[in-house]
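Here are some notes to read beside the model. Please keep the structure open as you go.

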Amino acid sequence: MDGITHKFVKVNGLKLHIAEIGNTSSPVVVFLHGFPEIWYSWRHQMIAIANAGYRAIAPDFRGFGLSDPAPETEEFGFSGLVDDVIAIVDSLGVDKISIIAKDFGVRPAFLIALRYPKRVTGVISLGVPHRPFKPRTYHTDLPEGFYINRWREPGRAEADFGRLDTKTVLRNIYILFSRSEIPIANENQEIMDIVSPCATLPSWLTDDDLSAFAALYEKSGFVEPLKVPYRSSNEEYGIEDPVIKNPMLLIIGEKDYFLKFPGVKEFITSGSVQQFVSNLEIEYVQEGSHFVQEQFPEKLNHLILAFLDKHNS
């Protein structure tokens, strides 16, 4: 796709897949995906920043897409993802990076900034503010049918997803997560039942795009993606100072359902978010959904390049 190449790197005992584009001597930008996404969700941004003189690198996290899963005997969480990202850039001979992340990918991005601040030029977070790492209470603050409650329960999502083919599972999640309401099932429903078979994809996602995602998830399945992030949320990281000192840009889609999670919008609008990032910029995207980088790629590319150029000059 438009010059994006693919390779595998062997790090931490795993063969991990990365997509990349751009001159190897250019400043490096690492893209960290969320769920149900994969490297492909960054396709618009990767091409745009490479055309602007940067090198884009987008891995599939371990257990996602074409990357190996962790051994069955190994317990792993977000810290393992941090180790993988650092090992990937080390294997490529890269010292300093900018990071762009969304959804659960922001947690390893924030941890990298806190643990390796001298290696980070800046961080761009889509939709998720940085806060101290402590167990969230969403699962108790929201009804039992809240999708994370269901997906935290071992075996439940696997059984729910298993009724459908991979492409339909991803179709349903994309439809649910592109809405402005938190996905919550009724007592007699599973999460997949919320979406009508007649529901249509968002206008900005084509059937070919969905097929590209499905091909990657057919390889990896959903077992590892359900472990991280949904069953690893209480991991402890030993971070003494939670304040990120690197420049950060927080881009928020105004229709992102995550803003309706208890306390999230208030944390941002009250200014509390500024306590944990010493150099923070915030940009809002009108009508932006949880998938704002795919929904409004030109707008996002403009914001991203303005930030990168400012902090890589």
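1. Ground rules. This is a predicted model, where local features need pLDDT of at least 70, side-chain atom pairs count only at pLDDT 80 or more, and totals for chains, interfaces and linings use all residues. Residues are numbered from 1 along each chain as its sequence is written, and side-chain values use heavy atoms, leaving out hydrogens and water.

2. Helix α2. Helices here are DSSP runs (H or I, at least four residues), as are strands (E, at least two), numbered from the N terminus. Helix α2 covers residues 78–91. Of its 14 residues, 11 are buried, so the rest of the structure largely encloses α2. Buried means under 20% relative accessible area, exposed over 50%, and partly exposed in between (1.4 Å probe, protein chains only). Among the buried residues are Phe78, Asp84 and Val89. After α2 comes Gly93, with a positive phi near 75 degrees.

3. Helices α7 and α8. Helix α7 (residues 166–177) packs against helix α8 (residues 207–220) at about 120 degrees, and their axes are 9 Å apart. Axes are lines fitted to C-alpha atoms, for helices over the stretch in contact, with angles from 0 to 180 degrees between N-to-C directions.

4. Asn279. Where does Asn279 lie? Asn279 sits in the loop between α10 (264–269) and β8 (280–285). Asn279 is partly exposed, at 32% relative accessible area. Its C-alpha atom is 24 Å from that of Phe78, 201 residues away along the chain.

Definitions and conventions. Expected span 1.5 Å × (residues − 1).
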